[in-house]
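Notebook open, viewer open. I am going through a handful of spots one by one and jotting down what I find.

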Amino acid sequence: MDETLRKITSFSTHLGFEHLSPAAIHECKRRVLDTLGCALGGFAAQPCTIARAIARKTSSDTPARILGTLEPSSPELAAFANGVMIRYLDMNDATGLGGGHPSDMFGALFAVADSRKVDGRTFISAVAAAYELYLSFFEARQVREKGMDHVVYTATGAAAGVAKMMGLDHQATANAISLALTPNMALGVTRRGQLSMWKGCAGGNAARNAVFAAQLAAEGLAGPEAVFEGDHGVWNAIGKSEWPALNSQGPWFRIMGTPVKMYPCIYPGQSPVTAALAAQPQVDAEEIESIVVRTYYNAWWESASEPEMWAPATRETADHSIPYLVSAALLDGKIDVSSFSDERRNDAALRSLIQKVQVIHDKELDKLTPSNDPCRLEITTMTGRKIASSVDFPKGHVKNPVSDQGIEEKFISMNNGLLAAVQVSRLFDLCWKLEELDDMRELISVVRI
């Protein structure tokens with residue numbers, strides 16, 4: 001077994017609830033509630049209905065229920081359906097600088113927790129371990145630099161978290177991680193050009209792959225032992241890296257450093273949206289001559305480096321486009337799920353305003369990252385008046401955190417009446433007392449539309 005695989009496997013198998021700080025435990029509970037809200041928000045979207053249709057065709061001796069309908073499926077296909085719902089509206093948490101969405105892993109974690117008896121403490125420790133591996137992998141190497149998609153991190157962390165809930169030993173956990181990585185180094189084309197429905201499904205697929213890998217490992221199937229350091233291994237594919245230190249005693253764990261999203265769009269769009277909404281009351285959109293957005297490299301590369309971002313033909317492209325997001329915010333005074341409807345995307349006034357947007361990579365703003373998420377917006381009117389708006393820490397950033405009440409309010413807005421008030425109240429109670437839960441299936445049972 002290579003040293004990298006040994007290091008991350010040892011960390012994952014040994015991390016226990018007793019090692020976690022109260023702050024880390026609380027952040028895990030916040031993520032559970034936030035992620036369930038995101039799943040409900042995406043429930044009716046077409047890719048989500050497709051994923052559920054596929055999942056409900058399969059039965060299993062160890063069934064897992066699909067969030068929302070509670071229809072039984074196999075654990076791996078429930079993980080896919082769950083994951084697509086969690087991810088689709090682009091409201092789930094983020095790394096902040098091109099590393100994706102760690103809460104994509106909950107697709108797998110919820111499914112496996114529903115397929116066997118897992119108590120709240122075990123679930124929380126699995127979440128913390130999964131986040132630690134996901135985020136430390138991102139710190140070690142940005143896979144997109146080599147044309148890979150960030151769901152590579154999802155498969156790695158989720159496999160470790162699932163293995164933990166399944167009670168796999170060190171060798172079997174190493175096999176699960178290896179089997180999650182070796183066949184599943186996803187392509188970064190998922191997030192380039194006009195984005196397809198797959199953009200919101202890739203994380204769910206990684207969750208599915210993680211569950212399948214752990215199932216294989218549990219039955220004794222071995223994966224390559226030098227998956228990272230071996231010839232044609234991970235480091236050969238994306239560049240040699242040293243895995244950073246893993247936090248096994250706290251008090252700080254990496255889950256505590258991830259931002260929560262308040263708008264249904266790419267994370268580098270959160271600051272431009274915030275800046276545009278602050279400026280919106282000060283200007284009539286019909287009087288705008290030009291809009292200049294200055295941002296850091298990762299934001300520019302992900303959301304403004306391609307011509308498609310000025311002519312988004314799909315919902316997925318629009319929620320990844322800074323020109324679109326800023327224009328819609330200035331016209332409507334909001335960014336929510338309705339901002340990306342077919343009717344809204346094709347509005348002539350919106351498309352005209354998008355053409356007035358210039359997005360500039362400002363190297364001075366690069367110096368403020370990763371501790372800040374900077375954006376500088378300047379609007380010039382036809383009379384020459386200038387309106388400036390600046391944001392460094394959008395709501396949900398670790399330096400501008402959303403409160404527990406804010407997490408609940410976001411959940412209610414995403415739920416949109418799908419769960420009854422008594423269900424919502426019960427779910428809040430279970431999430432905030434998650435460590436006291438004897439069986440995670442009690443929590444999943446509440447999420448029935």
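Predicted model: local features only at pLDDT ≥ 70, side-chain atom pairs only at ≥ 80, totals over all residues.

I started with Glu289, which sits in strand 3 (residues 288–295). Strands here are DSSP runs of E with at least two residues, helices are runs of H or I with at least four, and both are numbered from the N terminus. Glu289 comes out partly exposed at 46% relative accessibility; buried means under 20% relative accessible area, exposed over 50%, and partly exposed in between, with a 1.4 Å probe and protein chains only. Leaving out neighbours within four places in sequence, I listed its contacts as Lys356, Thr380, Thr381 and Met382, with contact meaning heavy atoms within 4.5 Å. I also checked Glu289 against Ser303: they are 14 residues apart in sequence and 22 Å apart in space, C-alpha to C-alpha.

Residues are numbered from 1 along each chain as its sequence is written, and side-chain values use heavy atoms, with hydrogens and water left out.

Next I looked at helix 6 (residues 120–140) and helix 7, whose axes come within 8 Å and cross at roughly 155°. That makes the two roughly antiparallel; the label needs an angle over 145 degrees, with under 35 counted as roughly parallel, 65 to 115 as roughly perpendicular and the rest as oblique. The axes are lines fitted to C-alpha atoms, for helices over the stretch in contact, and angles run from 0 to 180 degrees between N-to-C directions.

For the classes, Ala, Val, Leu, Ile, Met, Phe, Trp, Tyr, Cys and Pro are nonpolar, Asp, Glu, Lys and Arg are charged, and the others, Gly among them, are polar.

Then I moved to the other pair: helix 7 (residues 151–166) packs with helix 8 (residues 170–181) at about 155°, axes 9 Å apart. Helix 7 and helix 8 are therefore roughly antiparallel, and their crossing is right-handed. Helix 7 brings Val152, Ala155, Thr156, Ala159, Ala160 and Ala163 to this contact, and helix 8 brings Thr173, Ala176, Ile177, Ala180 and Leu181. The count is nine nonpolar, two polar and no charged residues.

**Arg191**

Is Arg191 buried or exposed? I got 11% relative accessibility, so Arg191 counts as buried. Its place is in the loop between helix 8 and helix 9 (202–218). The Arg191 side chain makes polar contacts with the side chains of Asp149 at 2.6 Å and His150 at 3.1 Å. A polar contact is a pair of N or O atoms within 3.5 Å; within protein, one must be able to donate a hydrogen and the other to accept it, and residues adjacent in sequence count only if both atoms are side-chain atoms. Not counting residues up to four places away, Arg191 also touches Arg87, Val151, Lys199 and Ala202, among others.

**Helix 14**

I found nine of the eleven residues of helix 14 (residues 322–332) buried, so this helix is largely enclosed by the rest of the structure. Just after the helix, Gly333 has a positive phi of about 70°.

Ser73, in strand 2 (residues 72–73), is buried at 1%. Its side chain reaches the backbone oxygen of Ala55 at 2.6 Å.

Leu70 is not a glycine, yet its phi is positive, about 60°; this residue is buried at 8%. His232 also has a positive phi, near 65°, but His232 is exposed at 66%. Last entry: Thr369 and Pro370 are joined by a cis peptide bond, omega about 5°.

Technical notes. Left-handed = near helix turned anticlockwise from the far one by under 90°.
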